[in-house]
Protein chains: 2
Amino acid sequence: MAWELCRAEGLAGLSLRDIARRIGMQAPSLYSYFDSKHAIYDAMFADGVREFVAQQPDAPTTDPVEGVKLRMRYYVAFCTADPVRYQLLFQRTIPGFEPSPESYALSVESLQALEAWLREAGLDAPGTLDLYTAIAAGLASQQNANEPGGDRWTRLIDEAAEMFVHQARVMKQRKATSGRRKK
Amino acid sequence: MAWELCRAEGLAGLSLRDIARRIGMQAPSLYSYFDSKHAIYDAMFADGVREFVAQQPDAPTTDPVEGVKLRMRYYVAFCTADPVRYQLLFQRTIPGFEPSPESYALSVESLQALEAWLREAGLDAPGTLDLYTAIAAGLASQQNANEPGGDRWTRLIDEAAEMFVHQARVMKQRKATSGRRKK
DNA sequence: GTCTATATTTGGATAGAC
DNA sequence: GTCTATCCAAATATAGAC
């Protein structure tokens, strides 16, 4: 079915009537497919995560800097391509909406995949994953909030990736050093 | 007047009735002070920016790492102390709301002050300011979205500050080098 | 300047014909 | 399964008494 159509548009302040009209239907027809408006949100949430995972490029763990650049570019492009989807999936500021456990599990999986990738790339000190998500989310968030459609922040991705990998290595080094010291 | 009271609570999905009740009034009484709900948003936006500026700590430009740590701690604490205020001021996802030119000017001023501070601290290569705001916003955004009230991201602030200053210096160095090369 | 009462609009959801 | 018609609740905003 073509529910993906409405995804590209928006829903933060959209009514069921608006959503329905965009896909050439009347509002009540939506209830043949979904129990409530939140069920629509949830389906879009799950759909968004699946698409994020499916289209994610393979990134080399043998060259962490290049790999992180690739991954960050993809993430930020995904977020800025559809700010409303970004809001639904990552900002979670839709009033009253929380994804169902099943949908949420999808996003947890995706995060674990990122964690595994970072480990494989040798970037696995505590806090490294969270630092990564903060940097990537920050670039996307600033771009969407202050200059949607522009590149004032997206053009910093490569520099940010280098910065992150450098810091991740420092963190790992510190961990090793303090570990030795403790022994 | 005590309109600041409602600021601490929330408004993303709040009605005028809710706002009014929190300050011990009835909804229509608000119209003695504001022309519309958006006018309330705008007043809260301006008020939030003013408070952000007023309470900002002095940070030493003589020790950029320490200064950035101080500033980032303050920014993230300000954002996480009141996620709804954060949404209103920095995420800008309140449906239909845009600050008035006068209110917006306040936030531009604040950003220019940050830029001036960074320059004074010697961190003034192109993109440095935007990298700073991305990192700070990313930490706040992730904390609020994924673990409101926790410290999973806030505890990374000092590390992030060190990382940022290091990168800012790299960027400045590169600029100087490429400048020489061009000459 | 604050209240009660109410107008007006809008949005989510249901009923029932086709 | 999609439509029209409609119900019901909630929200912004206004009118007018006090």
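Predicted model: local features only at pLDDT ≥ 70, side-chain atom pairs only at ≥ 80, totals over all residues.
Chain A is helical: its secondary structure comes to 8 helices and 0 strands. Read along the sequence, the order of elements is α-α-α-α-α-α-α-α. The C-alpha trace of chain A spans about 65 × 35 × 30 Å along its principal axes. Of the 183 residues in chain A, 46% count as buried. Contacts were also sorted by separation along the sequence. Among contacts in chain A between residues at least 6 apart in sequence, 65% join residues at least 24 apart.

Helix α3 of chain A covers residues 37–54, a run of 18 residues. From its first C-alpha to its last, α3(A) reaches 26 Å, close to the 26 Å expected at 1.5 Å a residue. Several residues of this helix are buried, including I40(A), Y41(A), M44(A), F45(A), V49(A) and F52(A). D42(A), A46(A) and G48(A) are also buried residues of α3(A). An α-helix has 3.6 residues a turn, so residues three or four places apart point the same way. Such spacing can be followed in the buried set, for example through Y41(A), F45(A), V49(A) and F52(A).

The interface is described next. The size of an interface is often given as the accessible area lost when the parts come together. Chain A and chain B bury about 2700 Å² between them, and 55% of this area lies on carbon and sulfur atoms. Three residues, D130(A), E159(A) and M163(A), supply 20% of the area that chain A buries against chain B, more than any other three residues. The contact takes 35 residues from chain A and 35 residues from chain B.

In a salt bridge between the two chains, the side chains of R152(B) and D130(A) meet at 2.8 Å, N to O. D130(A) is also one of the three residues named above for their share of the buried area. Across the interface, 11 residue pairs are in polar contact.

On the side of chain A that touches chain B, the elements giving two or more residues are α5 (83–91), α7 (128–146) and α8 (157–182) of chain A. The largest share, 13 residues, comes from α7(A). By class, this side of chain A has 17 nonpolar, 12 polar and 6 charged residues.

Key: Residues numbered from 1 in each chain as written. Chains lettered and ligands numbered in written order. Heavy atoms only, no water. Contact = heavy atoms within 4.5 Å. Buried area = accessible area lost by both parts, 1.4 Å probe. Salt bridge = Lys/Arg side-chain N within 4 Å of Asp/Glu carboxyl O. Polar contact = N/O pair within 3.5 Å; in protein donor to acceptor, adjacent residues only side chain to side chain. Helix = DSSP H or I, 4+ residues; strand = E, 2+ residues; numbered from the N terminus. Nonpolar A, V, L, I, M, F, W, Y, C, P; charged D, E, K, R; others polar. Expected span 1.5 Å × (residues − 1). Buried < 20%, exposed > 50% of the residue type's maximum accessible area, 1.4 Å probe, protein only.
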